[in-house]
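Please take a moment with the sequence and the model shown here, and then follow the explanation that comes after them.

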Amino acid sequence: MADTTQQQQRPVYRNIHVTQIARYRLPPAGIVSILHRASGALMFLLLPFVIWLFDVSLTSEISYARFTSTFVAGLGWLPGWFMKLVALSLIWAYLHHFLAGARHLWMDVAHTVSKEEGHLSAISTLVSSGALTLVFGFKLFFS
Amino acid sequence: MTDKSFGSRRLVVGAHYGLRDWMAQRVTALLMALFTVALGAQLLLGPKLGYDRWAAIFSAQWMKFLTFIVIVALLYHAWIGMRDIWMDYVKPVGVKIALQVFTLAWLVGCTGWAVQVLWRL
């Protein structure tokens, strides 16, 4: 039987508190993981906006013009450049969520659970989603 | 009660939805990923995009079929993901249930809207 006093002296690891987040160093896999969540939540919250875009872009030629002008003239009191930023945040969220999800599926199928592979695939995910976002952002803003 | 909580007498409880949802999240993700590739290929191949070409893509019956499946997949996928977030971060039961009900209402509403847009075309 283990000594109970010894058990009580064991280090205790609890969930991190909100106030600790800023100075909590996450490994790349942890960053991919929390961004997977954040990007999913963002897309969930902006889903009505995406469906509205789907609606105006498809309904008629006139509404299609409304769709394109959203990113030039803006939407309501929101200027066009801001709508482009919103679109870019959705593009990033989609790309990151897609690639982080593909990483998950790959790990499930290939059983690649080593620390090194996880580290490498996490960095690849961050780099490729960032690079693709830059490409789409360039196309969105400058062409 | 306590004498039944170990060994072969252990009381197995819960709704057993863990594996099912884990699997569903992956299957729906795969469907959406395939749809993304199918849509992306159509957008990349072909002339400059305008209303006519964009509407033509979604007018095809097979594309409506696929899009409808993806809309339903998205509903289920987002529900599992958002429920996980609420379960992890929100402790008070009342608030958690309220947020889950909001999530369901939000998603069902969005699904109806998207389906209407699709079949009006």
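How are helix 3 of chain A and helix 4 of chain A oriented to each other? This is a predicted model, in which local features need pLDDT of at least 70 and side-chain atom pairs count only at pLDDT 80 or more, while totals for chains, interfaces and linings use all residues. Residues are numbered from 1 along each chain as its sequence is written, and chains are lettered from A and ligands numbered from 1 in the order in which they are written.

The axes of helix 3 (residues 47-59) and helix 4 (residues 61-70) of chain A come within 5 Å and cross at roughly 135°, the axes being lines fitted to C-alpha atoms, for helices over the stretch in contact, with angles from 0 to 180 degrees between N-to-C directions. The two helices of chain A are therefore oblique to each other, since angles under 35 degrees count as roughly parallel, over 145 as roughly antiparallel, 65 to 115 as roughly perpendicular and the rest as oblique. Helix 3 of chain A brings A:L53, A:V56, A:S57 and A:T59 to this contact, and helix 4 of chain A brings A:S63, A:Y64, A:R66 and A:F67, where contact asks for C-beta atoms, placed from the backbone, within 7 Å.

Chain A as a whole has 6 helices and 0 strands, helices being DSSP runs of H or I with at least four residues and strands runs of E with at least two, numbered from the N terminus. Its C-alpha trace spans about 80 × 35 × 25 Å along the principal axes. Of the 143 residues of chain A, 16% count as buried, that is, with 20 or more other C-beta atoms, placed from the backbone, within 10 Å of their own.

Chain A also meets chain B, in a contact that takes 19 residues from chain A and 18 residues from chain B. On the chain B side, helix 4 gives the most, with 5 residues.

The largest nonpolar core has 11 residues in all, among them A:L47, A:I51, B:W79 and B:M82; such a core is a set of buried Ala, Val, Leu, Ile, Met, Phe, Trp, Tyr and Cys residues joined through C-beta atoms within 7 Å. Helix 3 of chain A, together with helix 3 and helix 4 of chain B, gives two or more residues to this core, and helix 3 of chain B gives the most, with 6 residues. A second, separate core of 7 residues includes A:V32, A:A93, A:L95 and A:L99.

Terms used: Two residues are in contact if their C-beta atoms, placed from the backbone, lie within 7 Å. A residue is buried if 20 or more other C-beta atoms lie within 10 Å of its own, exposed if 12 or fewer, and partly exposed in between; C-beta atoms are placed from the backbone.
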